[in-house]
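Please look at the sequence and the model before reading on.

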Amino acid sequence: QQKAQKLRFLASICTICSTTNVDSTVWDMLYFCQLEVAETIEVLLQEESTGHLSITVQQQAMLAITSMSRVGLLLQEKKSSLLHACFCSIFHLPPQDTQGPEASLYSKTLATMDSMLQVLVHSAGTLGILELQNILQLLLPFTNSQLAAVQERAMARIARLANFITTYSLPQVCPCFAQATVLRHQCSKTHQFVMLGRLVGHLTLCCTCKDKGTRHEAAEALHHLHTFVLQQRSRWPWLHDTGQLQLQEGWQARQPWQLLQTSHTSKIFLMFTKYLQPSDRADIILMAIKSLRAPSAYSISMAAHMVDVLVADHAFQPGQVPNVVWVIYRSLPSVRAVVALNSLDRALLVLTDKYPSEVVASLLQCSPTCTHVAVAMWRAIISEPQAAEKVLRELLSMLMNQSLRKTSTSTKDNPRILSLAAARTIHEILLQSTCHRQVEAIFPQLFLALLFQVSFTTELTLQEVYIFWKEHQQDLLTPIRSAVQSMRMLLCSMGSESLVLAIEVQGGWDKLLSTQTHLMGVHIVAREMMKTPRPMHSTIFYHLAELLSVEDPTWEMVAMVFFIEMLSCTNLSEELDHALEIFPMYLRSQCLGMPTLVLRAILRLTERPDTERKTLVLLPDVMEQLQSADSNASAVALPVLGNMLRLLEGKTLSLTALSLADKLRLLFDDESDTVRELSIRLFQIVMGLVVGAEKKKMKKEVWDSLLPLLFHLHDQDKSVAKASQEALHSAGQFLKWGQLAQLAETAQAWRICECLLARNRSRAKDYLCQSQPYLQSPQEPLRREAVRFI
């Protein structure tokens, strides 16, 4: 009684303040105490138990809240907690009898609550629509209660509110929420009915729940909500829908039990879909999918129907498709009904047809390691040929997308992780054997993408490996093994089991797994792929050429190794032209080892009678390699140039030899023994190739080479010393200096020094300059000879 009196007293004060001019001191005191008043009401509600006295207290609490709201004394930050306390206290009262004083008291209490909620909306003024939605958001969770009485009471409050807004004109509510498309105008979100979709979806499902009273209230709520939507549309004459108004009248004529039939519930839902915006539709789809889980409080058939209707006729906005895919993935393990499973399969197919990129990326993010749930979803979306083709092409794109090299370890935004997921998924899709023709159509691209994936996987950090493969640690299914496994499965699906076995016999698959032997494995795979029918390996070759036309450091080394191996195994015709177009770019590549790899390929081509002359177009590019700092590249470029020189004739040969002489002389002091020897020997050959007018210029090059050749008679590498001796002998013959030729033949180094100075003392200064760098030579004999000569 004391609690009820306290609340009655508070309500009376607020009522007096709202109807009478009270002293400002009283008003200020009440305003100052509004937080304490609200907290007092909340505490009293939370302490209450069941019984007549409790209902009286609850009535007085709601009257106090109503009075405070009318005079603007109800703090916004306390409103939600107060309402929640009211709902918990009243909705969980024991079920009442249909007759007797207790039933009347219950009805009066619920009527008081309805009045309170309406006052809250009314007193919010221009923010009435926002206040309405806040109340509805607090009520909706109670409609999911396990207790039928709680469900019905909460749903009844929603129905009364829906009826209230059809008679009370909410100020400044914008009718844009009732349009199927977003209109081009500006309005504040505080004036939009943004939760229309969520409310429609929930009420539609509640029309099928087990409790009859809840079903009836949900149908009534939908009825009033539809009236409200049509009223808002009528405010804009061009949206006035006479047909819908007639349908609304027909709906009003029906009995409640007719509205609860499944067929009529479906028609009601279809009526609303005409007015739902994309965001509303997406909310309903997510809600309906969650309702497909077993056990479900609602009709699974109705939920499946809602999914079918909205997915089939819906233009999704950015970010909505991933949300739908995620909800399907999380819900699928709990879905049992065939009608529900079929609905989800249809939804995935429709989404894949319209938004293949978003669906594939989202499903890879859901399950990078392709769990059994993900496999079921992949199986659904590749069940139709058109969808299968789109999915495979998107997966192919993901496989090639690791080149972005993002360092994030989140599966959501890391192309490295998604490309690994795509490789794993390809294997599972191939096991289904339902899209053989689609796989065959993109086999060359897919095969190479998986090969590049194997290479890329060898570079993964331990953190990335752990994040992605923690689910498969017990199976030892590492990322690289998964990619190799997918390659094998792809070849088997194309009927190339013998090829898989041949690669295995040579250790090719095992070599691919190791960073140290990976390129050897690529060689083996490429060599075996040349044994496939010509159309197949020719297509692979052309696709490689296309890929190599654009540099990509992620996979260019593997692609070039494969390309060159195929080049050496084929009867060349048009293939050679593609290679000659690509090679110059990769001779200038900054990728470690790439120029050397290309030069070796060119060397093999210069040794083949059917290709040697075509390689001459690469002569300038090969000559540039002599100026690089890579001794390995120079060591291969020198024999290539030697082979090319023998293919030249006349003036071209003479000019090329002269141009080459200066570059060769700079290599006499290279750190590589091989480069020193090869450059000296090629210089010796070049001297004999210059004729005519160029011979005079060549003499200067020969004179400039004499001192370096003389010092290298003492080279620590015997082959270099021998090459220098022979080159000096040839130089003497070229200069028609018999004494030099004779001394070189007998390797009399000190006599040659004297002859150089005696023959042309005017070059002493030049000799001095040439000698000084040898004072820093890493070879002690060359430093000693430089000192002696100086």
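**Exercise 1.** Which residues form the positive surface patch that includes K695, and in which helix is the place of K695?

Solution. The patch consists of K695, K696, K699 and K736, where a patch is made of residues with over 30% relative accessible area and no salt bridge, like charges being joined within 9 Å and nonpolar side chains (Val, Leu, Ile, Met, Phe, Trp, Tyr) within 5 Å. K695 belongs to helix α37 (residues 694-711), helices being DSSP runs of H or I with at least four residues. Its relative accessibility is 34%, so K695 counts as partly exposed, given that buried means under 20% relative accessible area, exposed over 50%, and partly exposed in between, with a 1.4 Å probe and protein chains only.

The model is predicted, so local features need pLDDT of at least 70 and side-chain atom pairs count only at pLDDT 80 or more, while totals for chains, interfaces and linings use all residues. Residues are numbered from 1 along each chain as its sequence is written, and side-chain values use heavy atoms, with hydrogens and water left out.

**Exercise 2.** Is R281 buried or exposed, and which residues does R281 touch?

Solution. R281 is found in helix α14 (residues 278-290), and with a relative accessible area of 10% R281 is buried. Leaving aside residues up to four places away in sequence, R281 touches T273, L276, L310, D313 and H314, a contact meaning heavy atoms within 4.5 Å.

**Exercise 3.** How many salt bridges does a search of the whole structure find, and which parts does the pair of K79 and E131 tie together?

Solution. The search finds 25 salt bridges, each being a side-chain nitrogen of Lys or Arg within 4 Å of a carboxyl oxygen of Asp or Glu. In one of them, K79 pairs with E131, and the closest N and O atoms are 3.0 Å apart. K79 lies in helix α5 (residues 76-91) and E131 in helix α7 (residues 128-139), so the pair ties together parts that are 52 residues apart in sequence. Both K79 and E131 are buried.

**Exercise 4.** Which residue forms a salt bridge with E504, and where do the two partners lie?

Solution. The partner of E504 is R488, with 3.1 Å between the closest N and O atoms. E504 sits in helix α26 (residues 497-505) and R488 in helix α25 (residues 479-493), 16 residues apart, and the pair links distant parts of the chain. E504 is partly exposed at 41% relative accessibility, and R488 is partly exposed at 27%.

Definitions and conventions:
Areas by Shrake-Rupley, 256 points an atom, 1.4 Å probe, with all protein chains shown as cover. Lys, Arg positive; Asp, Glu negative; His and termini not counted. Charge placed at Lys NZ, Arg CZ, Asp CG, Glu CD. Helix = DSSP H or I, 4+ residues; strand = E, 2+ residues; numbered from the N terminus.
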